[in-house]
Amino acid sequence: MGASESCVRGAKSEPERAARRNTFSSMSSQRAFSSSLWFPFLAILGAVGFLGIGTSWAKASLFPLVGAQGTTAVRVGLSAVVLLLVWRPWRRLPGRAELRVIACYGVALGLMNLAFYMALRTLPFGVAVAIEFSGPLAVALYGSRRPVDFVWVLLAVAGLALLLPLGQQVGTLDPVGVGFALLAAVCWATYIVFGKRVGHVPAGLSVSLGLAVAALVVLPVGVAHAGGALLSLPVLGVGLGVAILSSAVPISLEMLALQRLPKQAFGIMISMEPAVAAVLALVLLGERLSAAQWLAIALIMAASIGSAATVRSTAAPQRFRKVADAAGMAPR
C-alpha cells in the first residue's frame with residue numbers, strides 16, 4: 001500500500017510540478033514583456049520631453065538675443081556639428097545617388113526647422129507642434145481608401161479647423177504664424193518622403209549628413225538676421241545646450257526605442273508630442289491655451305494615434321514606416 005500510494009502521489013505531483021513551472025514561466029514572460037514595454041515607452045517620453053525642453057529653452061533664451069532666424073542657425077548648425085562628431089559619416093559615405101537624395105532631405109529639414117521657429121515667434125509651442133503634425137499624418141494617410149482612415153482625416157481636419165484663423169476666429173491665432181507652421185508641416189512631409197528613399201542608409205549617417213545640409217540652408221538666413229551676435233559666448237553656450245537636448249539626446253533615445261518596438265507602437269507613442277509640448281510650454285514659458293485649443297490638440301493626437309493603431313500589417317513597411325522612421329527622428 002505504501003509503495004502504491006507513493007506511486008500515485010508521484011504521478012499526481014508530476015503534472016502539478018509541470019503546471020507550477022508553466023505558471024512561473026508565464027509570470028516571468030509577463031514581467032519580461034512588461035519591462036520590455038516600459039523601457040521604450042520611457043525612452044520615447046524622454047525623447048519628446050528633451051525635445052520640448054530644448055525648444056522651450058531656445059524660445060525663452062535665444063529668441064530675445066538673435067531672433068527666430070538666428071536661433072535656427074545656431075541650433076541646426078551646432079546640432080550638425082554634434083552629430084557629425086558622433087557618427088563621423090565621412091568614414092563610409094553613401095553613393096552619389098544616395099547623397100543627392102540626402103541633399104534634398106537636408107534642404108527640407110532645414111526649411112522645416114526655419115519655418116517652425118518662425119511660427120514659434122507668435123504661436124504657442126503646443127499649437128505649433130499640433131499644426132506641424134498634420135504633415136506626417138498626411139503622409140501616413142495619403143492614398144488610403146479604407147473607411148476607417150477617413151475617420152482620422154476628419155479628426156485631423158476638425159482639430160486644424162479649431163486652430164486655424166478662419167471665419168469669426170481670425171483674431172485667435174496669428175495668421176502669419178499659422179502659415180509658417182503649415183509650411184513646416186509641408187516640409188516635414190517632404191522630409192519624410194526623401195527620408196524613405198534613403199531608408200537603407202544607417203539612420204545615423206543620413207541624419208548627420210542631412211543636418212549638415214540643413215545647416216548650410218539656414219546659416220545664411222541666421223547670419224543675415226543676427227550677424228556677429230551668433231558668435232557671442234552666451235548664444236553659443238545656450239545654443240550648444242539646445243542642440244544636445246533637441247537633437248543628440250532625442251535621436252539616441254528614439255533609436256533605442258525603435259530597436260525594441262514595432263513601428264506601429266512607436267508611431268502611437270510618438271503621437272503624444274503635441275500634448276507634451278503644450279504642457280512643457282505651460283510650465284516653462286507660461287503659455288496658456290484655451291479649451292478649444294486643447295481640444296484641437298487632442299483631436300490631432302487622436303487622428304495620429306488612430307492612424308498608427310489601425311494601419312494594416314502588410315501596409316506598414318510601405319506606408320506607416322515613413323512616419324515611424326522619419327517623423328520620430330525629425331530634429332526640431
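Trainee: Which residues of helix 3 are buried?
Mentor: This is a predicted model, in which local features need pLDDT of at least 70 and side-chain atom pairs count only at pLDDT 80 or more, whereas totals for chains, interfaces and linings use all residues. Residues are numbered from 1 along each chain as its sequence is written, and side-chain values use heavy atoms, with hydrogens and water left out. Taking buried as under 20% relative accessible area, exposed as over 50% and partly exposed as in between (1.4 Å probe, protein chains only), and helices as DSSP runs of H or I with at least four residues, strands being E runs of at least two, numbered from the N terminus, eight of the eight residues of helix 3 (residues 125-132) are buried, so this helix is largely enclosed by the rest of the structure. The buried residues are Phe125, Gly126, Val127, Ala128, Val129, Ala130, Ile131 and Glu132.

Trainee: How many residues of helix 4 are buried?
Mentor: Helix 4 spans residues 134-141 and is mostly covered, its buried members being Ser134, Gly135, Pro136, Leu137, Val139, Ala140 and Leu141. Out of its eight residues, the number buried is therefore seven.

Trainee: Which residues touch the most other members of the largest nonpolar core?
Mentor: A nonpolar core is a set of buried Ala, Val, Leu, Ile, Met, Phe, Trp, Tyr and Cys residues joined through side-chain atoms within 4.5 Å. The largest such core has 82 residues, and its largest share, 14 residues, comes from helix 1 (residues 2-87). A second, separate core of five residues includes Leu137, Trp152, Ala156 and Ala303. Within the largest core, the members that touch the most others are Ile44, Phe116, Leu123, Ile131 and Leu163.

Trainee: With which residue does glutamate 287 form a salt bridge?
Mentor: A salt bridge is a side-chain nitrogen of Lys or Arg within 4 Å of a carboxyl oxygen of Asp or Glu, and a search of the whole structure finds one. Glutamate 287 lies in the loop between helix 10 (273-285) and helix 11 (291-309) and its partner in helix 1, so the pair ties together parts that are 228 residues apart in sequence. With the closest N and O atoms 2.6 Å apart, the partner is lysine 59.

Trainee: What is the count of disulfides?
Mentor: A disulfide is a pair of cysteine sulfur atoms within 2.5 Å. Cysteine 104 is partly exposed at 35% relative accessibility, whereas cysteine 187 is buried with a relative accessible area of 9%. Under the distance rule, the count of disulfides is zero.

Trainee: What is the phi of arginine 88 near?
Mentor: Arginine 88 lies in the loop between helix 1 and helix 2 (96-120) and counts as partly exposed at 38% relative accessibility. Its phi is positive, in a residue other than glycine, with a value near 45°.
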